[in-house]
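Dear colleague,

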Amino acid sequence: MTQVKNILVVGGGIGGQSVAIALKKAGYEPEIVELQQEFNVYGVGIIQQANALRALDAIGVANEAIRRGSPYGKVKLCIPTGQQIGEAGTPPIGHFPSHNGISRKILHDILFDEAQKTGVKYRMGLTIETINNHENGVDVTFTDGTSGSYDILIAADGINSKVRKMVFGEYKPTYVGLSVWRYAFPRPKDLDTGYIYFGKHSKIGIIPMTAESCYIFLNSAEGDNPLIPENQLVEKLKSYMRAFPVPMVQELVEQVTDAKLVNYRTLETLKMTEPWYKNRVIVIGDAAHATIPQLGSGAALAIEDAVVLTEELQKSNSVNDAFANFMNRRLQRCQMVVEASETLGQWEVLEYSGQSLPEGANMGMLMGKTTMALTAEI
Ligand SMILES: Cc1cc2nc3c(=O)[nH]c(=O)nc-3n(C[C@H](O)[C@H](O)[C@H](O)COP(=O)(O)OP(=O)(O)OC[C@H]3O[C@@H](n4cnc5c(N)ncnc54)[C@H](O)[C@@H]3O)c2cc1C
């Protein structure tokens with residue numbers, strides 16, 4: 001086991017909280033610094049495939065996520081009138097179902113409660129100001145004027161990571177030409193699993209969140225001018241939804257009423273070049289490999305990063321070996337997800353702008369192949 005005790009985790013999102021829980025349970029002393037004064041997690045859901053549940057199980061919270069979420073089987077892939085053309089998603093792993101839909105807020109609360117229970121220290125409303133990253137540790141100053149010395153710093157501060165920029169230089173996320181619209185609803189009575197309907201100008205997914213609730217995601221290509229004024233969000237989302245005659249979508253259209261509840265954002269990816277570490281600083285989660293949600297796997301990768309990094313710190317004799325072994329186990333898998341998601345995104349952009357897809361392009365097949373690969377042990 002490496003001679004490491006005090007670990008600073010920058011960012012208290014899914015990746016940051018997962019790694020802090022895993023580390024604390026393994027006997028380390030992690031401390032999270034989080035920029036937000038209070039967590040403000042938006043109210044739509046997230047898809048967890050079986051590999052995400054396996055990773056959550058390693059930190060002790062999979063059963064709670066299933067209890068407070070909505071387990072379901074493979075996702076049905078359909079045309080806009082409802083006819084099924086395929087299915088997607090990881091097969092079940094062990095006793096974990098193919099999928100669990102869960103509210104992001106509930107997932108965050110589960111991680112936060114577990115972190116509190118295990119004694120993880122949080123410092124809210126601040127970030128790092130300076131980093132002195134040397135061979136034996138990291139000295140930092142914080143934006144509240146305090147300072148600290150740590151054995152390791154883990155950057156889990158998301159796609160626009162400040163730590164990454166300070167230690168590894170400038171990276172710019174890549175806009176893939178797509179936007180996503182999300183909205184939460186009461187659960188339709190016919191929603192027996194996840195559904196994705198592929199249209200000519202957009203695709204829509206309906207995902208269970210709890211026994212009583214669900215959310216939709218809808219992808220559209222808004223081109224070079226993707227900013228949409230708030231007062232147009234409701235009508236524009238409804239007009240996209242009207243292109244899907246299947247009754248399950250049509251029942252939801254008139255329930256879209258509040259622009260404040262329309263979660264609209266552009267989609268970006270980011271691939272950090274390897275290695276994702278230097279001296280005693282390592283980058284995990286979206287800060288190292290942000291993907292678009294085409295495979296519903298970004299958060300799963302962040303949780304897996306947390307589990308693998310903790311295992312390697314426990315197994316290896318030096319921090320450098322632990323970081324190098326972590327990279328060996330994570331690089332190819334994370335790249336596979338980001339690159340397959342980018343390809344799926346590019347095909348969607350072509351499709352929605354009326355262009356033909358490259359020969360042999362088959363979204364269902366690429367989704368199936370990639371999600372199947374995610375069942376492999378991490
Ligand atoms: C539209 C959309 C849908 C998605 N759907 C899915 C899905 O269904 N399934 C799935 O597995 N993944 C999904 N993802 C991906 C998933 O949301 C991310 O991969 C995951 O949230 C990454 O977690 P993270 O902790 O690495 O980063 P983040 O979630 O970005 O968390 C970073 C945290 O760091 C904090 N922070 C930022 N800067 C600083 C700083 N300077 N100092 C301190 N703290 C800081 C932030 O406030 C935040 O709390 C989706 C992503 C998008 C965009």
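The protein, a predicted model, has a secondary structure of 11 helices and 19 strands, where helices (H or I, at least four residues) and strands (E, at least two) are DSSP runs numbered from the N terminus. Its radius of gyration, taken over C-alpha atoms, is 21 Å, close to the 21 Å that the globule rule (2.2 Å times the number of residues to the power 0.38) gives for 378 residues, so the protein is as compact as a globular protein of that length. Along the principal axes, the C-alpha atoms fill a box of roughly 60 × 45 × 40 Å.

Of the 378 residues, 56% count as buried, that is, under 20% relative accessible area with a 1.4 Å probe, protein chains only. Among contacts (heavy atoms within 4.5 Å) with a separation of 6 or more, 72% are between residues 24 or more positions apart.

One hairpin may interest you. Strands E10 (residues 137-142) and E11 pair in the antiparallel sense over 4 bridges; pairing requires that DSSP find at least two bridges. Val-138 has Tyr-150 in E11 as its bridge partner. The hairpin has 4 residues between its strands, and Gly-145 in the turn has a positive phi of about 90 degrees. In E11 (residues 147-150), Gly-148 and Tyr-150 form the covered face, while Ser-147 and Ser-149 form the uncovered one.

Residues are numbered from 1 along each chain as its sequence is written. As this is a predicted model, local features need pLDDT of at least 70 and side-chain atom pairs count only at pLDDT 80 or more, whereas totals for chains, interfaces and linings use all residues; side-chain values use heavy atoms, with hydrogens and water left out.

Definitions and conventions: Buried means under 20% relative accessible area, exposed over 50%, partly exposed in between (1.4 Å probe, protein chains only).
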